[in-house]
Amino acid sequence: MLLDLSEEHKEHLAFLPQVDAAVVAEFGRIAVEFLRRGSNPKIYEGAARKLSVSSETIQHGVEGLTYLLTESSKLMVSELDFQDSVFVLGFSEELNKLLLQLYLDNRKEIRTILSELAPDFPSYHNLEWRLDVQLASRSLRQQIKPSLTLKLHLSQNGEPSTTVLQTDPATLLHLVQQLEQALEEMKTNHCRRVVRNIK
């Protein structure tokens with residue numbers, strides 16, 4: 001699977017051919033560090049002084065490299081597909097080999113970091129429901145007031161939890177319509193592409 005790099009990412013990566021191979025390797029190390037600990041402006045400023053460019057240029061270069069490595073690792077792109085994806089950038093053969101080596105050396109660690117960053121949502125286990133209808137009260141002899149009580153059983157990290165929700169049928173019907181609309185939207189090509197990239 002080839003990577004689809006936007007024009008903005010191509011612009012960010014365009015800085016790499018202007019520096020030595022050792023600097024690109026250092027950018028790769030900074031990119032992995034960026035994933036682990038977040039952005040560090042001091043590193044960008046120090047590198048900008050050494051290379052006599054703006055710190056914003058360094059930051060964009062590192063972020064472009066980070067995107068290239070994370071997307072490749074997330075999709076487990078093969079060596080050949082990675083080379084083909086980088087080939088469209090018009091870099092030298094030496095730089096392409098260096099980027100491939102950066103990817104191969106760091107993809108397992110990047111996948112580990114990305115899996116740790118992924119949110120852990122509760123998963124559905126069971127649902128119990130009860131419909132109550134109030135037909136009359138002391139003040140109103142004839143009324144129909146339905147309410148629906150839902151007991152939602154979830155599990156997160158192997159630990160069960162229960163949530164009780166109460167609603168009226170009109171709100172529940174609206175909720176069902178919204179969920180059905182979301183399911184229909186999941187069938188579109190755009191959503192399928194996004195879900196495929198998340199995995």
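**Surface and overall shape**

Mentor: Happy to! The accessible surface of the chain is about 13,800 Å², and carbon and sulfur atoms make up 54% of it. Accessible areas here come from the Shrake-Rupley method with a 1.4 Å probe, and for residues only the protein chains shown count as cover.

Trainee: What kind of model is this, and how are residues numbered?

Mentor: This is a predicted model, where local features need pLDDT of at least 70, side-chain atom pairs count only at pLDDT 80 or more, and totals for chains, interfaces and linings use all residues. Residues are numbered from 1 along each chain as its sequence is written, and side-chain values use heavy atoms, with hydrogens and water left out.

Trainee: Got it. How many helices and strands are there?

Mentor: The chain has 8 helices and 3 strands, in the order α-α-α-α-α-α-β-β-β-α-α along the sequence. Helices (H or I, at least four residues) and strands (E, at least two) are DSSP runs, numbered from the N terminus.

Trainee: Why is the chain described as more spread out than a compact globule?

Mentor: Its radius of gyration is 26 Å, well over the 16 Å that the globule rule gives for 199 residues, so the chain is more spread out than a compact globule. That radius is taken over C-alpha atoms, and the rule is 2.2 Å times the number of residues to the power 0.38. Along its principal axes, the C-alpha trace spans about 85 × 35 × 30 Å.

Trainee: And what share of the residues is buried?

Mentor: Of the 199 residues, 30% count as buried. Buried means under 20% relative accessible area, exposed over 50%, and partly exposed in between (1.4 Å probe, protein chains only).

Trainee: Switching topic: which residues does H153 contact?

Mentor: Apart from neighbours within four places in sequence, H153 touches S123, Y124, H125, N126, E128, S161 and T162. Contact means heavy atoms within 4.5 Å. H153 lies in strand β2 and is buried, at 17% relative accessibility.

Trainee: What does UniProt annotate for residues 123–190?

Mentor: The unreviewed UniProt entry annotates them as "domain: COMM". UniProt positions are given in the numbering used here, feature names are shortened, and annotations may be inferred rather than shown by experiment. The span is 29% helix and 49% strand, with its end C-alpha atoms 25 Å apart.

Trainee: One last thing: what is phi for M76 and for N157?

Mentor: M76 has a positive phi of about 50° although it is not a glycine, and N157 has a positive phi near 55°. Most residues other than glycine have a negative phi.

Trainee: Where do those two residues sit?

Mentor: M76 is in the loop between α4 (55–74) and α5 (79–87), and it is partly exposed at 44% relative accessible area. N157 is in the loop between β2 (145–156) and β3 (159–167), and it is exposed, with a relative accessible area of 64%.
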